[in-house]
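Dear colleague,

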Amino acid sequence: MELWFTEKQTPYLEFSCKVAATLHREKTPYQDLAVIDTFAYGRMLVLDGIVQTTVKDEFIYHEMITHVALNTHPAPREVLIIGGGDGGTLREVVKHPRVERATMVEIDERVIAASREYLPELSVAFDHPKANVVIDDGIKYVAGCRNQYDVIIIDSTDPVGPAQGLFRADFYRNTFEALKEDGLFVAQTESPLFDGELVRRIFSDVRSIFPVARLYITVIPTYPGGLWTFTMGSKRYDPCGIAFEDIPSYETRFYTPAVHRAAFVLPRFVEELLEAR
Ligand code: SAM
């Protein structure tokens with residue numbers, strides 16, 4: 001018998017993978033959590049029926065949400081990750097030689113437990129000496145911080161359920177307050193093809209709060225449409241104006257200085273989206 005997992009990406013579009021095995025399934029207090037093994041992408045974390053990450057393509061997302069931001073800041077010593085329960089972003093953050101402490105605030109401890117058990121490639125850094133894992137609502141946590149972080153990374157689920165508030169202007173204002181005077185933040189901000197209005201609204205909110213607002217793109221094969229956006233708000237440093245000869249060297253599979261630069265070259269339809277009022 002053939003078993004297939006299907007994510008309904010939009011009411012008119014589905015993404016399917018042939019399943020080798022269902023490794024884990026539970027209802028947590030926050031979401032339906034599954035880890036499946038697929039023939040095409042290997043092990044896959046699925047929350048509420050939506051693909052979060054797969055062992056085959058995760059490095060693209062995790063390196064691009066992490067290293068563009070960390071290398072934009074000359075001294076990213078104190079880093080905060082909101083969400084990120086699979087551990088992939090934390091793994092990338094602790095890899096950076098200038099990071100001294102990486103605090104990860106995840107609302108659902110069951111995601112961390114499942115990743116520890118089934119996704120060892122991603123969850124390797126939970127016990128790293130630089131890591132500080134907190135189980136809490138990231139919205140509440142950020143509202144309680146002032147002038148504390150150099151870089152904040154919002155590695156959240158889609159804007160439904162507990163993640164909804166992570167895409168709102170008042171959260172970006174609290175993020176501004178939680179950052180030091182030269183701090184910056186980055187968030188995964190969905191598909192420019194299927195969530196254009198959301199991408200436009202987030203960019204407009206971030207631009208109204210931060211002196212520097214930039215959007216960049218990459219390709220994530222398992223996300224709707226493949227093309228994906230990240231939005232950065234910065235108090236001082238511009239990700240398009242960094243001196244690459246000053247960044248530290250460490251191992252990556254996707255991120256390079258050339259990929260960093262290229263990510264900010266936007267297709268015309270994305271530029272037009274950001275200019276629309
Ligand atoms: N790379 C993924 C994507 O774009 O689909 C996100 C991966 S990570 C698994 C997202 C995490 O955000 C989930 O584990 C979820 O529990 C967490 N999350 C959602 N809302 C949150 C909140 N308000 N505070 C902290 N974590 C939250």
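Between domain 1 and domain 2 the count is 1 salt bridge. Please bear in mind that the model is predicted. Arg 110 forms a salt bridge with Glu 26, and the closest N and O atoms of this pair are 3.0 Å apart.

The two domains come from the domain assignment of the chain, which places domain 1 at 4-52 and domain 2 at 58-274. A distance of 23 Å separates the C-alpha centres of domain 1 and domain 2. Across the interface, 20 residues of domain 1 are in contact with 16 residues of domain 2. Together the domains bury about 1,800 Å² between them, and 65% of this area is on carbon and sulfur atoms. Of the area that domain 1 buries against domain 2, Tyr 30, Leu 45 and Gln 52 supply 26%, more than any other three residues.

I also examined one pair of helices. Helix H5 comprises residues 169-178 and helix H6 residues 196-209; their axes come within 10 Å and cross at roughly 35°. The crossing in which H5 passes H6 is right-handed. On the H5 side, the contact is made by Ala 169, Tyr 172, Arg 173 and Phe 176, while H6 contributes Arg 201, Ile 202, Asp 205, Val 206 and Ile 209. Sorted by class, this contact of H5 with H6 has 6 nonpolar and 3 charged residues, with no polar ones.

With kind regards

Note on methods. Residues numbered from 1 in each chain as written. Predicted model: local features only at pLDDT ≥ 70, side-chain atom pairs only at ≥ 80, totals over all residues. Heavy atoms only, no water. Axes fitted to C-alpha atoms, helices over the stretch in contact; angles between N-to-C directions. Helix = DSSP H or I, 4+ residues; strand = E, 2+ residues; numbered from the N terminus. Left-handed = near helix turned anticlockwise from the far one by under 90°. Contact = heavy atoms within 4.5 Å. Nonpolar A, V, L, I, M, F, W, Y, C, P; charged D, E, K, R; others polar. Domains from an automatic or database assignment. Buried area = accessible area lost by both parts, 1.4 Å probe. Salt bridge = Lys/Arg side-chain N within 4 Å of Asp/Glu carboxyl O.
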